[in-house]
Amino acid sequence: MSEEEHGPSTDMPSFTATLKSSKRIIAVAGAGLSAASGIPTFRGAGGLWRRYDAMGLATPEAFHAKPSRVWQFYHYRREKALAAQPNPGHLALAMFSIPSIRQKMAPGSSFSLITQNVDGLSRKALEQIADAHPELADEIHSPVVQDSMLEMHGRLFDVVCTNRACGHREYNTNSPVCPALAGTEKVFSENEPEPRIDEEDLPRCSKCDSLARPGVVWFGETPWYLDKIDRLVSEADLCIVVGTSSTVYPAAGYAYEVQERGGKVAVFNLDRSEGDQEADYLFLGPAEVTLPKALGLQ
Ligand code: NAD
Ligand code: ZN
């Protein structure tokens with residue numbers, strides 16, 4: 001038998017039928033979901049910021065060693081995310097998270113979006129739908145929908161105190177996040193010196209004035225909502241994987257866990273990704289095109 005006969009299905013009507021009969025659906029999203037909104041991914045062309053590996057900057061060690069550089073990196077990412085708009089992939093997942101809409105494609109189902117993205121675009125998508133469809137606003141703002149969106153790696157717009165005794169966290173969409181970072185988001189040429197910002201001029205805690213840090217989950221830190229996510233993964237009968245290289249754990253293991261328990265896995269990615277040959281469905285191409293079609297929201 002050829003490899004193709006063993007590989008994942010690419011049949012959209014068959015996926016639609018699976019979606020219709022699924023009762024506990026989860027989606028696991030990664031940076032690829034936001035690529036069409038102009039937010040760089042960590043792998044491939046988007047993986048370098050200035051001359052640094054983006055993943056090397058997303059660690060507590062990097063922040064302790066060079067808070068100025070790491071804040072410049074996060075300031076750059078905050079500015080990008082502030083200017084970005086949700087794309088049809090975000091909007092399709094947001095629509096699908098509204099029970100009265102989802103009933104048409106997957107009657108009687110529950111749905112949660114587990115996203116590794118910190119850019120807030122999935123929430124922005126929900127807000128845009130609420131604005132455009134006032135009749136859906138109450139449902140969108142209900143806990144059922146709001147709590148179904150799990151930003152497991154935190155949020156770019158949270159600013160958190162580094163003093164453990166304080167730990168104050170606040171949502172802050174100021175642009176720039178502090179005056180000293182203004183302008184440092186621009187692209188520097190190789191031989192231009194990196195701006196150096198004194199620690200006192202970096203974002204400070206509004207309660208105790210200690211150095212503040214971005215409220216995201218760095219490599220080596222514990223993701224948010226793990227208990228809830230574990231429960232959702234253990235109960236899921238369909239896992240939709242969108243725009244993730246499936247190399248960052250624990251998220252990379254969720255699809256496998258669902259499949260182990262007899263659930264189905266559908267991967268939506270621009271290119272081949274880790275473990276996708278094991279998926280039940282594989283839709284290669286931009287998620288902003290494939291996802292709205294697959295979820296019947298086009
Ligand atoms: P990744 O950068 O490792 O992988 C991105 C994946 O998206 C790749 O497999 C790529 O083929 C795919 N892709 C690119 N464009 C796509 C498109 N238009 N449609 C569908 N797929 C597309 O991202 P990751 O797996 O999320 O892991 C990186 C880590 O970095 C995560 O932990 C995440 O928190 C963080 N991160 C977040 C953001 C964000 O918030 N937008 C951006 C970069 C990195
Ligand atoms: Zn504080």
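Cys208 touches Cys161, Asn163 and Cys166, leaving out residues up to four places away in sequence; contact means heavy atoms within 4.5 Å. The model is predicted: local features need pLDDT of at least 70 and side-chain atom pairs pLDDT 80 or more, while totals for chains, interfaces and linings use all residues. Residues are numbered from 1 along each chain as its sequence is written, chains are lettered from A and ligands numbered from 1 in the order written, and side-chain values use heavy atoms, without hydrogens and water.

Cys208 lies in the loop between S7 and S8. Helices (H or I, at least four residues) and strands (E, at least two) are DSSP runs numbered from the N terminus. With a relative accessible area of 30%, Cys208 is partly exposed. Buried means under 20% relative accessible area, exposed over 50%, and partly exposed in between (1.4 Å probe, protein chains only). Cys205 is located in the loop between S7 and S8. Its relative accessible area is 7%, so Cys205 is buried. Beyond residues up to four places away in sequence, Cys205 touches Cys161, Cys166, His168, Ser210 and Ala212.

Cys161 lies in strand S6 (residues 154-161) and Cys205 in the loop between strand S7 (169-171) and strand S8 (212-216), so the pair ties together parts 44 residues apart in sequence.

The UniProt annotation "binding site", from an unreviewed entry, covers Cys161, Cys166, Cys205 and Cys208. These residues span 48 residues in sequence, yet no two of their C-alpha atoms are more than 8.9 Å apart, so they gather at one spot. UniProt positions follow the numbering used here, feature names are shortened, and annotations may be inferred rather than shown by experiment.

The chain divides into domain 1 (9-39 + 86-153 + 223-297) and domain 2 (42-83 + 156-216). The bounds come from an automatic or database domain assignment. Over C-alpha atoms, the domain centres are 29 Å apart. Eleven residues from domain 1 and eleven residues from domain 2 take part in the contact.

Helix H13 (residues 251-260) has the buried residues Ala251, Ala252, Gly253, Tyr254, Ala255 and Val258. They pack against strand S1 (24-29), strand S4 (110-115), helix H12 (226-235), strand S9 (238-242) and strand S10 (264-269). Gly262 follows H13 and has a positive phi near 95 degrees.

Most residues other than glycine have a negative phi, and most peptide bonds are trans. Tyr225, not a glycine, has a positive phi of about 60 degrees. Tyr225 lies in the loop between S8 and H12. Ser246, also not a glycine, has a positive phi of about 55 degrees. Ser246 is in the loop between S9 and H13. A cis peptide bond joins Ser175 and Pro176, with omega about -5 degrees. Another cis peptide bond joins Tyr249 and Pro250, with omega about 10 degrees.
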